[in-house]
Amino acid sequence: MTAKKRILKVPTDKRIRELLRKEVVLFAERNRILPPASFELLEAKSRELLFLLNMDEEFLDFTIVLLGNETWREVVNATPFHRRLLLLPQCLRNNLQCKGIFDELGLICAGCKGCQIDDIIGKAEELGYSTLVAEGTTVAIGLVEEGSIDAVIGVSCMPVLQNSFEPVSRAAVPVIGLPLLYNGCSNTSLDYDWLFSEIDQITDKAESRPLSVSVIRNQVEEYFTEEKLKKYFCGDTETEQLARTTMALGGQRMRPLLALLAYQSYSGEILEEVQQALAVIIECFHKASLVHDDIQDDEDFRYDQPALHKTAGIPVAINIGDYLIGKGYQLLAGAPCDSKVKAECLKVVANSHLNLSEGQGADILLSQNIAQKSVEDILKIFEQKTGEAVKVALLTGAIAGNAPENELAVLAQFAECFGIAYQIRDDLNELREVNDRKHAFDFPFLLSLLKQSINGHSPSFSEIIQSGNFEVLLERFNTHETETKADKYLDKYVQRCYAELNRLENRKLRLSLYGVMGKVFKS
């Protein structure tokens with residue numbers, strides 16, 4: 001094979017395009033590359049294919065696009081037409097004849113027939129597609145995240161397709177990309193036969209159809225209205241009413257969301273009664289931990305409202321937290337699941353309950369013994385506090401869906417890494433926020449990094465902490481590049497999360513959790 005300079009172009013010879021498309025399909029079937037595949041993997045595999053075909057590397061980037069398409073093919077084709085978006089570039093229009101107008105989203109086609117945009121949109125919308133004539137992928141990613149669509153067929157020039165790869169992969173957007181025949185910002189063209197053949201493809205493989213994280217999130221929100229909660233909190237005592245009100249208070253509801261994502265991904269038959277119970281059970285345990293947390297940390301507010309112990313008093317708040325723990329176990333015992341499933345869920349919940357309490361206990365004592373704690377000690381606390389909460393949500397949902405043991409092991413590892421990354425991110429966000437009420441112990445991970453960096457230098461770590469001077473602490477953070485080091489740890493654990501997700505065999509959950517990761521850890 002003759003190596004040539006890589007160029008972001010589409011082969012001008014249609015026979016070469018057709019040959020590569022055909023060979024990529026066969027190659028993808030043999031190699032079984034799972035989405036979202038990294039650019040490095042796609043590049044390496046594309047080089048391998050071109051070598052086998054004895055073809056020039058000037059076709060490398062085009063081959064990467066084709067191979068990326070094939071990794072998503074099964075998912076996109078299983079997505080109903082009405083859940084897909086066709087994204088076209090504005091440069092397809094005829095500049096001289098176009099009578100369309102632009103709004104905040106893009107071009108509104110006037111149907112003047114000066115170009116093929118109207119014909120393409122007409123065909124796609126007849127099938128049920130949503131359509132958009134706009135530049136870039138930001139809008140498309142936003143539509144996926146808000147739940148309007150589940151997959152994208154996009155047309156763009158090669159440079160834009162390349163630049164879009166990272167954000168699209170990070171958001172786990174199922175996408176088929178079609179490159180324009182040549183680059184340019186006006187009056188461009190594409191292989192229309194190829195486009196029409198792509199938008200027509202559909203299968204009925206429900207197991208390959210992606211879950212909409214946003215749709216399930218909305219479903220979760222509905223479970224926590226006062227009216228829906230009366231099904232589980234049906235008494236009229238003051239304690240039960242306070243518990244129901246506490247459950248109805250806002251928040252991200254991430255833990256019940258994770259439970260439902262896992263349940264729907266593995267379950268052969270999704271039962272509304274089961275998933276609603278799962279969501280409420282997981283939230284009972286979470287809300288109980290928050291009520292107790294607020295007392296232990298003497299927090300004034302929760303969800304922008306006075307914390308429960310501030311309005312009802314500490315004894316009442318402790319009791320409500322205890323009540324919610326009991327309610328969670330009661331609902332789990334009575335969940336409409338097989339007895340073996342309930343027993344396995346109970347084991348997971350009980351173990352996580354103990355581990356979380358261990359982590360919380362260690363966290364409470366940090367103000368007294370932070371000088372004796374290493375970076376690894378703090379990471380262990382994060383794993384127990386937040387990792388266990390994520391783990392119990394994912395594993396309970398997965399067990400209810402009859403997930404295999406090897407998948408449960410991967411989810412447990414993912415949850416631990418996720419919990420650590422989440423807490424490191426919180427430390428960094430807290431430091432970077434404009435807030436006059438900052439305290440050294442708001443950043444336990446940064447403190448552990450600083451202690452490690454000081455290592456005997458003057459002033460000592462203990463002297464800095466005991467001074468109570470936050471400006472001195474900030475100065476030392478800067479001197480020892482503590483933020484930069486924390487960012488590296490964050491990236492390390494985010495990458496570990498992705499590595500664990502790549503081990504998941506269940507495509508639905510892998511892609512859903514990729515989407516969650518992209519939203520939580522946006523760069």
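User: Are F382 and F445 buried or exposed?

Analyst: This is a predicted model, and what follows is computed from it. A residue counts as buried when its relative accessible area is under 20%. F382 is buried, and F445 is buried too.

User: How is a pair of aromatic rings described?

Analyst: Two values are used: the distance of the centres and the angle of the planes. For F382 and F445 the centres are 6.2 Å apart and the planes make an angle of 50°, which is a tilted pair. A search of the whole structure gives 11 aromatic pairs.

User: Which helices hold F382 and F445?

Analyst: F382 belongs to helix α17 (residues 375-400) and F445 to helix α19 (residues 444-454). The two are 63 residues apart, so to speak of the pair is to speak of a link between distant parts of the chain.

User: Which residues form an aromatic cluster?

Analyst: One cluster is made of F414, F418, Y422 and F521.

User: Where does a charge sit over a ring?

Analyst: One case is R302, whose charged end sits over the ring of Y303, 6.0 Å from its centre. Another is K327, which lies over the face of F233 at 5.2 Å from the ring centre.

User: Next, a helix. How many residues has α15, and how far does it reach?

Analyst: The general idea first: an α-helix has 3.6 residues a turn, so residues three or four places apart point the same way. Helix α15 (residues 339-364) has 26 residues. From its first C-alpha to its last it spans 37 Å, close to the 38 Å expected at 1.5 Å a residue.

User: Which residues of α15 are buried, and what do they pack against?

Analyst: The buried ones are V341, C345, V348, V349, S352, G359, Q360 and D363. They pack against α12 (272-297), α14 (314-333), α16 (366-369) and α17. Helix α17 is also the one that holds F382.

User: In what order do the strands of the open sheet stand?

Analyst: The order of the four strands is β4-β1-β5-β6, with parallel pairing. β4 (130-133) and β6 (175-179) are at the edges with a single partner strand each, so one side of each has no neighbour in the sheet. Neighbouring strands are turned against each other by 15° on average, direction ignored.

User: How many bridges join β1 to β4, and what stands opposite L87?

Analyst: Four bridges join β1 (residues 84-88) to β4, and the two run parallel. L87 stands opposite L132 in β4.

User: Which strands does helix α5 lie across?

Analyst: Helix α5 (residues 138-145) lies across β1, β4 and β5 (151-156). Its direction is at about 170° to β1.

Methods. Residues are numbered from 1 along each chain as its sequence is written. This is a predicted model: local features need pLDDT of at least 70, side-chain atom pairs count only at pLDDT 80 or more; totals for chains, interfaces and linings use all residues. Side-chain values use heavy atoms; hydrogens and water are left out. Two strands pair if DSSP finds at least two bridges between them. Axes are lines fitted to C-alpha atoms, for helices over the stretch in contact, and angles run from 0 to 180 degrees between N-to-C directions. Contact means heavy atoms within 4.5 Å. Rings of Phe, Tyr and Trp (its six-membered ring) pair if their centres lie within 6.5 Å; planes under 30 degrees apart count as stacked, over 60 as edge-to-face and the rest as tilted. Buried means under 20% relative accessible area, exposed over 50%, partly exposed in between (1.4 Å probe, protein chains only). A charge sits over a ring if NZ of Lys or CZ of Arg is within 6 Å of the ring centre and within 35 degrees of the ring normal. The expected span of a helix is 1.5 Å times one less than its number of residues.
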